[in-house]
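Work through the following exercises with the sequence and the 3D structure open beside you. Try each task before you read its solution.

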Amino acid sequence: MVLQGLLLALSPATIITILVGVFLGIIVGIVPGVGAGVGLALLLPLIFSAPPLIGLMLLLALWAADGYGASITSILINVPGGPGAVATSFDGYPMAQQGKAAVAIGLSMASSMVAGIIGTVVLMVASPPLAELAVKMGPPEYTVLAVFGLTIIGGLTSKDPLKGLIAAGFGLLISFMGYDLLTGFVRYSFGWQHLYDGIDFGLAVIGIFAIGSLVDAAQEGGTISAMSKVDGSTWEGFKLAFKKYPMAMIRGSLVGAVLGILPGIGISISSLVAYDVEKRVSKHPETFGKGAPEGVIGPEAANNSVQPANLIPVLTLGIPGGATSAVFLGALIMYGLTPGLDLFRNQGNVVWGMFWGIIIASIAYVAVGMLFAGFFAKVTLIPVEYLIPVTLVTCFVGAFTLNGKFPDMVLAVAMGVVGYLMLVLKYPVAPAVLGVVLGPMLERNYFRSLLISGGTHAIFFQGSIVWVLWALTAFALVYPYFVSYKERKKGKRIPIEVTGG
Amino acid sequence: MKRKTLELVFLLGMLLFFGVYLVVGLSYPPRPRELPVLVSAVSIVLVLVEIVLTFRKNFKELTVNWVKVGYSFASLVFALLAIELLGMSLGAALFVFVLGWLLGSKKKLTLAFVAGSTGLFVYVVFNVLLKLTMPIGIITGF
C-alpha cells in the first residue's frame, strides 16, 4: 500500500494537481484574512467530479503551501498573511529592512520544505498512537496547556516583562469580549450588537499588528528596505538554512508536529512556541528581533509541520483541529471516505497517496517559490507611498472577509491605533496576540474542568499529562533565570533584548 | 509630544481600559466575570507600577513624523467612509490615491494608475474570481 500510494502520488495527473494547488496556496497565503480555509471551501464544489486522490491532493497542496505564502508578506511588509506567520515577521521583517528579504524568503522556503516532510513522516509513523494521546487530553489538560502557552510571554519580553504582561492583559481582555461560551452571558459588548460574537483573532492580528506597523513604515518614508536594494538571493537563504541551522528546522518542525496533533491548538501558537524555543536555545538571544535567521526558521518550520499533524486527528478520529481541517474532513466525507482504522485498511492507497503527495507538495513549493521569490523580494523596493496604501487595502479586505461585516473594518482601524502606539513605545505586540489566542481556550477549559470536578481545583493536578504540562510550564519559567545565573557565574553577562514585535 | 508624556498618556489610556473592564465586570454574574475581573485587576496593578517606573526613567526621544502618522490614520477613517458610500473597489481606489498623495507621492499619474489598478484588482479577485461578498456602496450600489 505504501509503494502503491507512492506510485499514485508520482503520476503526472497528481503532480500537475499538486503544482496547481501549491500555486493557489501561495496566492491565498499572501492575502491577509484569506487563508487555506477559504481556499479549500472555494475549491470544494470544483473537485467533486475528480477522482478522490486528485481532488484531495489539490486541497492538501493548497493547504501545505498556504503557510509559506503567508510568510512572504510577513517578511516583506510585516503583514502576516495568516495567524501562523505572525512570529515569522519578528525577525523576517528586520531582515527585509536590512535588504535581506530574498535571504529570509529562502530560509522560510527551506524550513517550510523540511517541516512539511518531517510533519508528514510523523503523520505516517505516529498517527494512531498520537491520536490516542490527543483524545486523552481533556479540559484540565487544555487549561494547563493554555497556562504553559502564556509562559511564552516571559521569553518574548525578557527585557521589559512588565510591558509584555500589560500587553498580554490587553490581549486576554479583548478575547473575553462577547458571549461567555459556557453560560451564554454577553460580556463587554457595551450595547454594540456587533461585539456579541467577540473579536476574531484574525482581526486582532490585522489591527494591532499589521495596521500599526504599516502606519509606522508610512511615516518613515522611502522604501521598506532601508538599503534601497536587495542583497543576497533566495538560494543563499535556502543553503544557509541547511548549512548553519539544520537543528532549528528540526526543532521547529517537531514543535509544530506535536502541537498540531492537538485539536484546537492551531497554527498560531505552534509558531510562537517555536520562536520562543529558538530564542531560549540560542547562544545569541540578543540578535532576536533584529533579523536572526533562527527567528524565521523556527516559526516557519512549526507552522508548516502543523498541517500534516493536523491531519492525524482528522484521519484517525474524524476530529478537525481547526476550520481548515474541518473543511478537509468535509471533502473526505463528500468522497465517502470515513475517518478511522477502516480508512487506512480499505482506502490505504488513497491515504498513502495523500501522505506522499504532501511530501511532493513540500518540494513543489520550493520550485514554485524559487520562480517568484526574486520578484517578491523586490516589493521591498517599492516606495511606501504606493506600497503602504495598497497593503492597507488588503488589510481592509482581510478584516471584512473574516465575518463579512463592515464594523470589523472599524474595529481593525481602532486596534491599529493601539498597535501603532504599542510599536512606537516599545510594547511587544506578540504577548497581546498570544493573549487573544489563549484567552478563550483558557477560560473555556478552565470552567469545563470545574464543572467536571464539581468546583474543586484539584482537577488541575490530576493525571500524568497534566503533571508533564506543569513541569514544562515550570521549566519555561525557570529556564531563562537558570541560563542568566549560569552566565553570571561564568562572569559573562548576556544582554537580552525585547523582541516579539 | 515628549516620549515620557506619550508613555504616560498611553498608560493612562490602558488604565482606563482595564478600569472599565474591572468595573463593568464586577456587575456580571460570578462565572462570566471571574477571569476578566482577575486579569483586569492584575493589569491595573501592573500599569500603576509601570506609571511609577515611567516617572523615574529617562527615555530616548522618539523620531516620529507625527504629521504623516496623522495623515495615515485620518486616511484610514476616510477609507471607512469611502467604502461605506462607494463600495469596496471604488473606496479602496480613492483611499490609495488620497493616502499616497498625503504621503508625498509626486507622480500623480502613476499614483492614479496604482489606485485604479488596486480597485480593479479587488473587484476582479474578490468579487468575480473568489465570489466573496464585499461591502456595497450606499451611493453606487455595487
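**Exercise 1.** How many residues does the largest nonpolar core have, and which residues have the most contacts inside it?

*Solution.* Begin with the kind of model: this is a predicted model, in which local features need pLDDT of at least 70 and side-chain atom pairs count only at pLDDT 80 or more, while totals for chains, interfaces and linings use all residues. Residues are numbered from 1 along each chain as its sequence is written, and chains are lettered from A and ligands numbered from 1 in the order in which they are written.

A nonpolar core is a set of buried Ala, Val, Leu, Ile, Met, Phe, Trp, Tyr and Cys residues joined through C-beta atoms within 7 Å. A residue is buried if 20 or more other C-beta atoms lie within 10 Å of its own, exposed if 12 or fewer, and partly exposed in between, with C-beta atoms placed from the backbone.

With these terms, the largest nonpolar core has 207 residues, and A:Ala361, A:Phe396 and A:Val433 are those with the most contacts inside it. This core also draws at least three residues from each of domain 1 (3-56) and domain 2 (66-129) of chain B, where the bounds come from an automatic or database domain assignment. The C-alpha centres of these two domains of chain B lie 36 Å apart.

**Exercise 2.** Describe the make-up of chain A and the side of chain A that touches chain B.

*Solution.* Of the 501 residues in chain A, 62% are buried. Among contacts in chain A between residues at least 6 apart in sequence, 81% join residues at least 24 apart.

Then turn to the contact between the chains, which takes 43 residues from chain A and 51 residues from chain B. The elements of chain A that give two or more residues to this side are helices H9 (161-175), H10 (201-220), H18 (384-403), H19 (407-424) and H20 (430-453), and the largest share, twelve residues, comes from H18(A). By class, the side of chain A that touches chain B has 32 nonpolar, six polar and five charged residues; Ala, Val, Leu, Ile, Met, Phe, Trp, Tyr, Cys and Pro count as nonpolar, Asp, Glu, Lys and Arg as charged, and the others, Gly among them, as polar.

**Exercise 3.** At roughly what angle do the axes of helix H12 and helix H14 of chain A cross?

*Solution.* Two packed helices are described by the angle between their axes and the distance between the axes. The axes of H12 (residues 246-261) and H14 (residues 293-317) of chain A come within 6 Å and cross at roughly 35°. Axes are lines fitted to C-alpha atoms, for helices over the stretch in contact, and angles run from 0 to 180 degrees between N-to-C directions. By class, the contact of H12(A) with H14(A) has 14 nonpolar, nine polar and three charged residues.

**Exercise 4.** Is A:Asn78 buried or exposed, and is A:Phe190 buried or exposed?

*Solution.* Most residues other than glycine have a negative phi. Phi of A:Asn78, however, is near 65°, a positive value, and this residue lies in the loop between H4 and H5 of chain A. A:Asn78 is buried because 26 other C-beta atoms lie within 10 Å.

For A:Phe190, phi is near 50°, likewise a positive value in a residue other than glycine, and the residue is found in the loop between strand S2 (186-187) and H10 of chain A. A:Phe190 is exposed because it has 9 other C-beta atoms within 10 Å.

**Exercise 5.** Which residues is B:Gly119 in contact with, leaving aside its neighbours within four places in sequence?

*Solution.* First place B:Gly119, which lies in helix H5 (residues 108-129) of chain B and is buried, since 23 other C-beta atoms are within 10 Å. B:Gly119 is in contact with B:Ser89, B:Leu90, B:Ala92 and B:Ala93. The C-alpha atoms of B:Gly119 and B:Ala93, 26 residues apart along the chain, are separated by 4.7 Å.

Technical notes:
Helix = DSSP H or I, 4+ residues; strand = E, 2+ residues; numbered from the N terminus. Contact = placed C-beta atoms within 7 Å.
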